[in-house]
Amino acid sequence: MNYINGLSVRKKRKVSLKSAFLAGLSGVRGAITMAGVLSVPITIKSGAPFPERSLMLFIAAGVIILSMVVAAIMLPLISKTDFSFLTRGSEPDQVDELMEDDDDEPDKYQHLSESDAKYFLMQLAIQTVEENRREDNQRAAYDLILNYQVIMRRLQLNSQSDEMLKEMLEQEVKLRQVAFAGERNALIKMLNKK
């Protein structure tokens, strides 16, 4: 990765024919086609039905369904490899170098489990919400961040061994006791001051 004026700039990577084909095959299809066909009026100016409108709808629907079926059949056949997430946080300086290499050595990439990938996505979501937090949406942003943190906490607890979980919970109980003692002391002081 290159840095220009403090901003990171990625070098352009070559896109393989397979990945371009997969991206095209897995893309959204049919929305514009159907919108175009549905924009054809039902009747013409004289009040008669628009000629061959039903045929246009039938052909458009057929093409959309056919493209979806072909994609559903072809995608698993073409993408025989197991796709995993490559995180930037796992190997900060090596990720860009690895992604620039043309040789397809799957051992070079760090693979994540499903729960690790979800946790990583939650971190990215929180970061994005923080970046877009403004004065007018601050409360909603904090609520959303709290929701993501709760989900992350569940994912974290589900991935721990029983021993680690027990130790984490014991530490959490001790910290909660300290927090409750602080709250209690503050309440007593407030009561004394009335």
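**Entry 1: Glu52**

Glu52 is in the loop between H2 and H3. I read its phi as positive, about 65°, although Glu52 is not a glycine. Most residues other than glycine have a negative phi.

**Entry 2: Source of the model**

I note that this is a predicted model, in which local features need pLDDT of at least 70 and side-chain atom pairs count only at pLDDT 80 or more, while totals for chains, interfaces and linings use all residues. I number residues from 1 along each chain as its sequence is written, and the side-chain values use heavy atoms, with hydrogens and water left out.

**Entry 3: The chain**

I looked up the secondary structure and found seven helices and two strands. Helices (H or I, at least four residues) and strands (E, at least two) are DSSP runs, numbered from the N terminus. Along the sequence I read the pattern β-β-α-α-α-α-α-α-α. The chain has 194 residues, of which 14% count as buried. I then checked contacts, meaning heavy atoms within 4.5 Å. Among contacts between residues at least 6 apart in sequence, 46% join residues at least 24 apart.

**Entry 4: Helix H3**

I looked up the length of H3: its 26 residues reach 37 Å from the first C-alpha to the last, close to the 38 Å expected at 1.5 Å a residue. The expected span is 1.5 Å times one less than the number of residues in the helix. As buried residues of H3 I listed Arg53, Ala60, Ile64, Ala71 and Ile78. These buried residues pack against H1 and helix H2 (31–38).

I also looked at Ala72, which lies in H3. Ala72 counts as exposed because its relative accessibility is 54%.

**Entry 5: H1 against H3**

I looked up the packing of H1 (residues 17–26) with H3 (residues 53–78) and found an angle of about 155°, with the axes 10 Å apart. The axes are lines fitted to C-alpha atoms, for helices over the stretch in contact, and the angles run from 0 to 180 degrees between N-to-C directions. H1 and H3 are therefore roughly antiparallel to each other. For the angle classes, I count under 35 degrees as roughly parallel, over 145 as roughly antiparallel, 65 to 115 as roughly perpendicular and the rest as oblique.

I noted the crossing of H1 and H3 as left-handed. A crossing is left-handed if the near helix is turned anticlockwise from the far one by less than a right angle, and right-handed if clockwise.

On the H1 side I listed Lys18, Phe21, Leu22, Leu25 and Ser26, which meet Ala71, Met74, Leu75 and Ile78 in H3. By class, this contact has seven nonpolar residues, one polar and one charged. Ala, Val, Leu, Ile, Met, Phe, Trp, Tyr, Cys and Pro count as nonpolar, Asp, Glu, Lys and Arg as charged, and the others, Gly among them, as polar.

**Entry 6: H5 against H6**

I looked up helix H5 (residues 114–131): at 1.5 Å a residue its 18 residues should span 26 Å, and its end C-alpha atoms are 26 Å apart, so the two agree. Its buried residues are Ala117, Met122, Ala125, Ile126 and Val129. I found these packed against helix H6 (138–158).

The angle between H5 and H6 is about 165°, and I noted their axes as 10 Å apart. H5 and H6 are therefore roughly antiparallel to each other. I noted their crossing as left-handed.

Among the residues of H5 that meet H6, I wrote down Ser115, Lys118, Tyr119 and Glu130; the H6 residues in the contact include Tyr142, Tyr148, Met152 and Gln156. By class, the contact has 13 nonpolar, four polar and two charged residues.

I looked up Ser159 in the loop between H6 and H7. Ser159 is partly exposed, because its relative accessible area is 45%. The C-alpha atoms of Ser159 and Asp116 are separated by 8.6 Å, with the residues 43 apart along the chain.

Last, I looked up Lys194, in the segment after helix H7 (162–193). Lys194 has a positive phi of about 55°, although it is not a glycine. I noted Lys194 as exposed, because its relative accessible area is 89%.

Note on methods: Buried means under 20% relative accessible area, exposed over 50%, partly exposed in between (1.4 Å probe, protein chains only).
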